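Subject: Structure for your review

Dear colleague,

Please find below the structure that I am handing over to you. My notes on what was found in it follow.

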Amino acid sequence: MEAVLWAAAAVLILLTVLRLTAMSRAPAVSLSMADTAEAQTYETAALLDINTATAEELEALPGIGPVLAERIIAWREENGPFTSQEDVLDVQGIGQATYEKIEPYINFG
């Protein structure tokens, strides 16, 4: 009887060790409330229609300040809606690097 108890204890210890080993190999994923809020902000920005966005909304994009926001609005008032990357690159002051910063956060409606 004592041998059976020792065998059962050994199996439980082995299972515990295996479980702990598996847990230590799993990547730790944790989102804080700040990460979640930041993700929601980026998600909202990703839906920003560059053809209807206000200056304030455009300024929330990375690399876009008040001057570029006004230039974007002026461009679309003069030329109609943006339809492509090339249109956005036509705005004075927006080069490839700036476009690459804002591209994940905009759409063309």
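A residue is called buried here when its relative accessible area is under 20%, and exposed when that area is over 50%. Please bear in mind that this is a predicted model.

I begin with helix H4, which covers residues 66–79. Its buried residues are Leu-68, Ala-69, Ile-72, Ile-73, Trp-75 and Arg-76. Viewed down the helix axis, these buried residues fall within an arc of 155°, so they line one face of H4. An α-helix has 3.6 residues a turn, so residues three or four places apart point the same way. On the other side of H4, the exposed residues are Pro-66, Val-67, Glu-77 and Glu-78.

The length of H4 was also checked. After the helix comes Gly-80, which has a positive phi near 90°.

What do the buried residues of H4 pack against? Their partners are helix H3 (55–59) and helix H5 (85–89).

The largest nonpolar core has 20 residues, and those touching the most other members are Leu-58, Leu-61, Ile-64, Ile-72 and Ile-94. Two or more residues of this core come from each of H3, H4 and helix H6 (96–102). H4 supplies the largest share, with five residues. Setting aside residues up to four places away in sequence, Ile-94 touches Ile-64, Leu-68, Ile-72, Val-88, Leu-89 and Tyr-99.

One aromatic pair was counted. It joins Trp-75 and Phe-82, whose ring centres are 4.4 Å apart; because their planes meet at 15°, and an angle under 30 degrees counts as stacked, the pair is stacked. Both partners were also examined for burial. Trp-75 has a relative accessibility of 14% and therefore counts as buried, and Phe-82 is buried with a relative accessible area of 1%.

Finally, Arg-71 also lies in helix H4. With a relative accessible area of 32%, Arg-71 is partly exposed. Apart from neighbours within four places in sequence, Arg-71 is in contact with Val-91, Gln-92 and Gly-93. Arg-71 and Gly-93 are 22 residues apart along the chain, and their C-alpha atoms are separated by 8.5 Å.

Yours sincerely

Notes: Residues are numbered from 1 along each chain as its sequence is written. This is a predicted model: local features need pLDDT of at least 70, side-chain atom pairs count only at pLDDT 80 or more; totals for chains, interfaces and linings use all residues. Side-chain values use heavy atoms; hydrogens and water are left out. Rings of Phe, Tyr and Trp (its six-membered ring) pair if their centres lie within 6.5 Å; planes under 30 degrees apart count as stacked, over 60 as edge-to-face and the rest as tilted. Buried means under 20% relative accessible area, exposed over 50%, partly exposed in between (1.4 Å probe, protein chains only). Helices (H or I, at least four residues) and strands (E, at least two) are DSSP runs, numbered from the N terminus. The expected span of a helix is 1.5 Å times one less than its number of residues. The arc is that of the directions from the helix axis to the C-beta atoms. Contact means heavy atoms within 4.5 Å. A nonpolar core is a set of buried Ala, Val, Leu, Ile, Met, Phe, Trp, Tyr and Cys residues joined through side-chain atoms within 4.5 Å.
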